[in-house]
Structures are given as structure tokens and as C-alpha cells.
Amino acid sequence: MTSPGRLVLSLAALVWATGAAATETRFEALGTETDHLVIKSTTDLWVFRPIIEAFQTSAPEISVTYVELTTNVLNGHLTEACDAGEFFADLVISSSIDQQVKLVNDGCSRPLSAETGSTLPDWAKWRDELFGLIFEPAVIVYNRAFFADRAVPMTRFELIDLLRESDAYEEKIGTYDIETSGVGYLFAFEDAAQAGTWGRLVESFGRNSAQLFCCTSDILERVSDGSLLIGYNVLGSYALARAEQDPRIGIVAPDDYTLVLSRAAMVSRHARTPETAQRFIEFVLSDVGRRLLTAEARLLSPVDGMETLTEIMGDSAVDPQSLRPITMSPALMVGLDQAKRRLFLQQWRDAMSPSSTAEDGADGR
């Protein structure tokens, strides 16, 4: 629980020029303020609140403003600010790592010291400018009551077969709207590159009038109450945290392969307090930061995420060999090429029902 007086400002539905909503929260310094850190992120505040509060305990002179934005809106505003040479934020955290890589490539970030992120695996950092904070598997979630006497699909092949065999899944499958969700697009593009099942899977979604959503939390809520039976490519941290409190939700890390991304942090090129932003990154990657994230929100770290995920889900539930981390590298920008993106999205539209969008939004939290 937040201590009295620490959380002093909460602005819901702060409207930007684009009309997109954001939420801004300010944490006052515990002591005499000498520094102010502005974080803009696609991650819900409840996830980072324990980290922010612990960070301030170790640095009582620092106040923090945390702004939640959707992936595409964050990327768009940061790009505009970078091009104009204007301040946007000190620290930017996003699950849409392909967009983050492009921002770094375009010179919108600052390099940090070589020691920052030295414990990270190579796939979770790039050029001393982009640092993976969180080990995030893309999982399948399902309604336990419905599958109480049915076999749960453990691979994409089994999911495709399941959707062919029964009409029970009509309008009962949920996944991201990849046209408006940055992380949803990234997962879909990586799926298409990983195996030949992608085309058949999307066709199966279309035949069953799959529902499209902006956010993981929307999918989890509907799987929980039974209005959806399966959620595909859901962010694992949100699913794990929800399933621990809600026994109606089951989780599968697909046996054929499980994509893993690392929500990435970068210090903005025009940051006002770059040293403090670096200090925050180092705190999140420290032993204390990693323990807090795992305990509070089931957010794992790239440093030890594979081992911790196996411990949480059990050896029978996840095969470490099936985990496929998405490497932070210029290769991720291939999917952002406008011609390739248009073609990929057209294939998606052709497969999906035009009436399948259930929620407006632009996120992939």
C-alpha cells in the first residue's frame, strides 16, 4: 500500500493531441527534492509501483512522475519529440521492442556506461542504449471450467485442430488487434517467421470470428468469466499474476515454441536527468529490483527468467528448450518496413472477420 502523502497526483484519461488517453501519477520525494525523474511506459502502474517506492526509499531526494501510454502512442510522441529536439521523458519503457530498436537506431536514446546491464544476456540488450528489464513469455490462457473434461491444446498444431473440430469456439477466441497494438504486431510477425503454422492459425481464428483486443487485461477478464474460452499470445506476467488470484484461468507455454520478449528501457536523448534514469535501470536489474518484480507482479528478469519461469509453472508446464527469446537487434526493424507491414496486415485482414474487433484501443500491455 502506498504511504500517505507519497502519491499526490493522479490524472486519469489525460488527453493528448492525438486523442489517445494516458494516465499520469506523481510520487513525491520522501525527503527534500533535488531531482525529478519522468518515466513514460506502456506497463500498468501497479506493476512498477513497488519498484518506484523501493527506489525512492533508497533515493529519498528523487520525485517520480509515471505516465502510462499505449505502445503506438508512446512511439509516435517520442519520435516527434526526438525529431524536434524536445523533451519527452527521461526514461522510456515499452513492450514494443521493435519500435524501441528503431528509436535507438534513429538516435533517440543515450548510451549508458558499459557496466549497466552487464548481467543481461546478449539477446536482452543492444548498443549500451536499450536494456531488457523483464522476461515476458507469450502464453495461451484458457477457461479452466470449460476445459475441465477436455484436452487443453499444448501446441499451435493442437489449437488449430481444436478450432476445426467444434463450433464451440465461435466468438470465443481472443487475441491482440495487431493493427493497433505494437506488441501484438510484434508477436504476430515473429510467429509468422517462426513456423508454417501462422497462416493456418489465423485462418482458424477468422473462421471462428476471433475477438480482437487492445490489452492483455481485457482478454484475461473475459477468459475468467467464460465469455472467451481461449486467449492467444497473452503477456505471461499479467497471466501469471491473475491466475494466482483467479483459479478460473489456466496457462500454457506452448510446447512447439514460446516467444519471449524483454520489455525494454532506454534513456531519452533529450532527458533532463539522464543519470537518474540510468540509476533507475540499474535498480530494476539489481537483486532487490528483480525480487520485487517477481514477488509483486510475477514479472521475471532476463537475468534469470528461464529458471524462474520453470520454478513458477513447474517442469511439466514449460520446457526451457521451447523458449525463444526475441533478440534486440536491427533485424526487428524488418517488420516495421512500411511495405512489409502493409502486406502483412492485409494478409491478416483477409483472414480475420471484418467485424471481429471487440475493443477499441492501441495497446499491447
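What percentage of the 365 residues of the protein chain count as buried, and which residues are buried in helix α4?

Author: This is a predicted model, in which local features need pLDDT of at least 70, side-chain atom pairs count only at pLDDT 80 or more, and totals for chains, interfaces and linings use all residues. Residues are numbered from 1 along each chain as its sequence is written, and side-chain values use heavy atoms, with hydrogens and water left out.

Of the 365 residues in the protein chain, 58% count as buried, meaning under 20% relative accessible area with a 1.4 Å probe and protein chains only. The chain has 12 helices and 13 strands; these are DSSP runs, H or I of at least four residues for helices and E of at least two for strands, numbered from the N terminus.

Helix α4 spans residues 156-165, and its buried residues are Arg156, Leu159, Ile160, Leu162 and Leu163. Down the axis of α4, these buried residues fall within an arc of 160°, so they line one face of the helix. The arc is taken from the directions that run from the helix axis to the C-beta atoms.

The cover over the buried residues of α4 includes the strands β7 (130-143), β8 (173-176) and β10 (230-235), along with the helices α5 (182-194) and α6 (198-207). Contact here means heavy atoms within 4.5 Å.

At the start of α4, threonine 155 has a side-chain oxygen within 3.4 Å of the backbone nitrogen of phenylalanine 157.

For the chain as a whole, 79% of the contacts with a separation of 6 or more come from residues 24 or more positions apart.

Key:
Buried < 20%, exposed > 50% of the residue type's maximum accessible area, 1.4 Å probe, protein only. Polar contact = N/O pair within 3.5 Å; in protein donor to acceptor, adjacent residues only side chain to side chain.
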